[in-house]
Amino acid sequence: MSADSITATPETSHVRGLPGLQALGFNRAQSIAFLILLAFLVVGPFVLYPVFLMKLLCFALFACAFNLLIGYVGLLSFGHAMFFGMGGYLAAHSAKVWGFTPELAILTGGAIGALLGVVSGWLAIRRQGIYFAMITLALAQMVYFLCLQMRFTGGEDGIQGVPRGHLFGLLDLSADMSIYWLVAAVFLLGFLLINRIIHSPFGQVLTAIRENEPRAISLGYRVDDYKMLAFVLSATLAGVAGGTKALVFGIATLTDVYWAMSGEVVLMTLLGGLGTVFGPAVGAAVIVTMQNYLAEFGAWVTVIQGAIFVVCVIAFRAGIVGEVARWLRVRL
Amino acid sequence: MIQDRRSLLKTAAAASVVPAVGLPARARAQSTTIKIGVLNDQSGVYRDISGPTSTACVRQAIVDSGITAKGVNVEVLQADHQNKPDVGSTIARQWIDRDGVDVIVDVPNSSVALAVNGIVREKNKAYFNSTGATTDLTGAQCSPNTVHWTYDTYMLARSTGGAMVKAGGDSWFFITADYAFGHALERDTSTFVKAAGGKVLGGVKHPLQSTDFSSYLLQAQQSRAKVIGLANAGTDTINSVKQAAEFGVTRRGTKIAVLLMFINDVHSLGLQAAQGLVCTESFYWDLNDRTRAFTNRVRGSLGGNYPAMSHAGCYASVLHYLKVVADMGAAAAKASGADAVARMKAMPTDDDCFGQGSIRADGRKLHPAYLFEVKTPEESKGPWDYYKLLQTTSAEEAWRPLSEGGCSLIRT
Amino acid sequence: MIEDLLFQLELGLPQLVLGLVNGAFYALLSLGLAVIFGMLNVINFAHGAQFMMGAFVAWMLLAWGGIGYWPALIISPLIVGAFGMVLEKLLISRLYKLDHLYGLLLTFGLALIIEGVFRNQFGSSGLPYTPPASLGGAPVDLGFMFLPKYRLWVVVASLVLCLGTWLVIEKTRLGAYLRAATENAALVQAFGVNVPRMVTLTYAAGVALAAFAGVLAAPIYSVNPQMGSSLIITVFAVVVIGGMGSILGSVITGFGLGLVEGLTKVFYPEASSTVIFVIMAIVLLARPAGLFGRA
């Protein structure tokens, strides 16, 4: 692994996973972590405030989707808010105006994420490194301005009063506890899908590109196609996360398309651990919790976030999960 | 502007100590606690027009109401919604679900204001919006739990648009922020300008958060309109005003009407740049003896800020609510926010900030609107002596008629 | 027909002049970014925050120290540049061996901190800063429009500074070292040049350019904590369009895009904030390395 790679995956441990979870691509430590995660998902809503928990899960999925790109392809997108926010807008619009059921609305959010991913990926994939980051940032800013002006987004008011609707047209989701299970399921599916992708042959090629792109090219891989597909997948899942969030809160707004949101998801992933399976979720949990409990301190939240950024970059590049994994000598 | 956090905290501490110390033991034993949540912008562009100053005004209302002497404890919470509707709605939900908050006050930024509106209605608490601008709060999304206290876009348009024509400004050019709020403000104002016999010569829409307004101002000058209407907000407004002064737009007699401006914006602009601007507020600290008395009472706890109409609205709405609480009993007021708001509508209002007034069936608080012109540096005699009154629009005329709002509470 | 054209010209010409003023800021900021990037290989995300600091320091000098605009134009960039030097020494210098993206992330974090601190201290609604008396007063009559003297000064100051920077880098001995160190730092170090110090000074110079732009902006734009962050993303697009290849390239692109934006404000103002991004997309399709960039 090259020293200047953006991700620092700890040494691989070749311990075999628990039998049932091995099929999902988990090793032993990951299986245990996954079981803890499952337990948390089940017990969580009875202990913690469900709405808070749902917000956390939406951001966790968003961060996981983002991590697919930065952690496994090494591409830093600074414009992921456009997929997240647009996914939210389309899910909200389809649920409110077109009368879509919640699962369809979320899928619509994913679809717009994919579409936007194709267009912006087509432009951004042409450059790498910092240029890639700057281009995605600029494109996202353009999408933000478009959202501000398009009629269906409702400008600064956003789309409000979005109904949570009935799952498959049958199950009423208006109670917090009922929609929680949907959100948890969406998160889990997204999480497992990403994990599946990472461990597939496709994912291995992505990692190869991250580690040494010229070499991957010389081995005959059409690197741009691989990057593009990863980008679109990441955008799709970000759209799904945004769509889910819009349904939970009944609202889709400009906040989620703004560049600050792109920065936040970078922060979550970085804090949790780039290129780790569980890192982004942990990072999202920490940041969302912090925002929630420090809300009364106003602008200090921004300062603290900035400070976390600086500390992570200077001294803590493996992130929380990365450090824990290194300490335990496992891969998480 | 610099806010002294420490002094605010001190007053906060002092205010929360008062009930515990001053109460006879028996009364305290029976007391019920009313929880008021002040939800606003503590860190962003609307900090000065809401922020900690709103909280201080709410505390002042509690002191002035004398409710603690009647055995009711009042607790104040505050939080920063960061101008994000999802943050705002999360806080509102948590406050109500977990912390037992009964009333949510202030809430600038229309999008957050509307988001909170839905939640408070769903949970049957009470909601006094003071700093949100949207007329939807008393129109399409009106709620039996909501009072919209201070101002709205219709009132601003009516006062600034209509009264300005009367004052001679009969041809207009609009510089409008290109999103729903700007469009609504321009549309409403145009209607009143035309109704009063004025003309709209043109307009230009600019993207939100522009930095350079010179080219729009140039287009406005080229139209030779007597009034340039600024239908934008926050830093956009401040930048347009600053650059208008730089280009000497007002030197040739053109007036600039800022459709949404608070006295704190004038303060941060400085009189040099702000002189001659025209704007509407429903409260000015130096308006009459009562407003001055209020300002003197509250000023010490504002850390150098002065109250704008938005802060006055927080004070007055909470004061009125506490009167109702004293009347119907804290337990009943806590049990149903809608009942408390219904009682508030039935009782005429009277406070130092807005004088006598009333609350309409759709939740609209009624009081006069004042068209002000910003003084020149020579005219200003002291700190925050910024406004001179041009026109008053009476409470009967200032607000959107009940029949036009489309509020569902009216039909039933 | 011709009359129509003349009318359009009469409307358009003043807008072009105003576009040049905005271009002056784009040019100064993208120049600073290019100088820093050339030497450090870091995209300085804190550039916007440092631009804002420049304006605030000028305000503080006036409000607290009674120091006027002209001294502030020198002092403020020096102070902010010194601050940049500290940042480089303490933080940024630790990252040179790592992926360039970490530099971007670090400076992004720094931008958040700086902006947050200023927001806590000064609120968000902006502070007044009046232009110096010598540049105030009645606008200048250019024949087709009235232009405030101050705007004229902004264009001149920016042009002079951009040209000066270009001369220093292309024509002086110091510039030669700089260019050499950009190509091969180890070799230059071997010749006895203190490269780390040069890197620090380069960063400080780039930051000082941003601060200078901030002081220039203070009298015309609202001095508020967000003034930089909204500008920096546009400047990023400018940089992508120009490519990071040459100093002159970033200056030309900066001014050029200011002009394009100015014209958009006449014909389709709603799109004025997006036009630069659209151009960016087109340039990326035609010349992925940017107009002046090396692939």
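## Chain B: fold and packing

In chain B, residues 24 or more positions apart account for 74% of the contacts with a separation of 6 or more. Two residues are in contact if their C-beta atoms, placed from the backbone, lie within 7 Å. The model is predicted: local features need pLDDT of at least 70, side-chain atom pairs count only at pLDDT 80 or more, and totals for chains, interfaces and linings use all residues. Residues are numbered from 1 along each chain as its sequence is written, while chains are lettered from A and ligands numbered from 1 in the order in which they are written.

Chain B has 17 helices and 15 strands. These are DSSP runs numbered from the N terminus: helices are H or I, at least four residues, and strands are E, at least two. Of the 412 residues in chain B, 63% are buried (20 or more other C-beta atoms within 10 Å of the residue's own, C-beta atoms being placed from the backbone). The C-alpha atoms of chain B fill a box of roughly 70 × 50 × 35 Å along the principal axes.

## Contact between chains B and C

Chain B gives 36 residues to the contact and chain C gives 31 residues. On the chain B side, strand 7 (199-206), helix 8 (214-222) and helix 9 (234-246) are among the elements that each supply at least two residues. Helix 9 of chain B has the largest share, 6 residues.

## Trp259(A)

Trp259(A) lies in helix 11 (residues 259-272) of chain A. Trp259(A) is buried, with 20 other C-beta atoms within 10 Å. Beyond its neighbours within four places in sequence, Trp259(A) is in contact with Ala81(A), Leu137(A), Ala140(A), Gln141(A) and Ile233(C).

Methods:
Buried ≥ 20, exposed ≤ 12 C-beta atoms within 10 Å, placed from the backbone.
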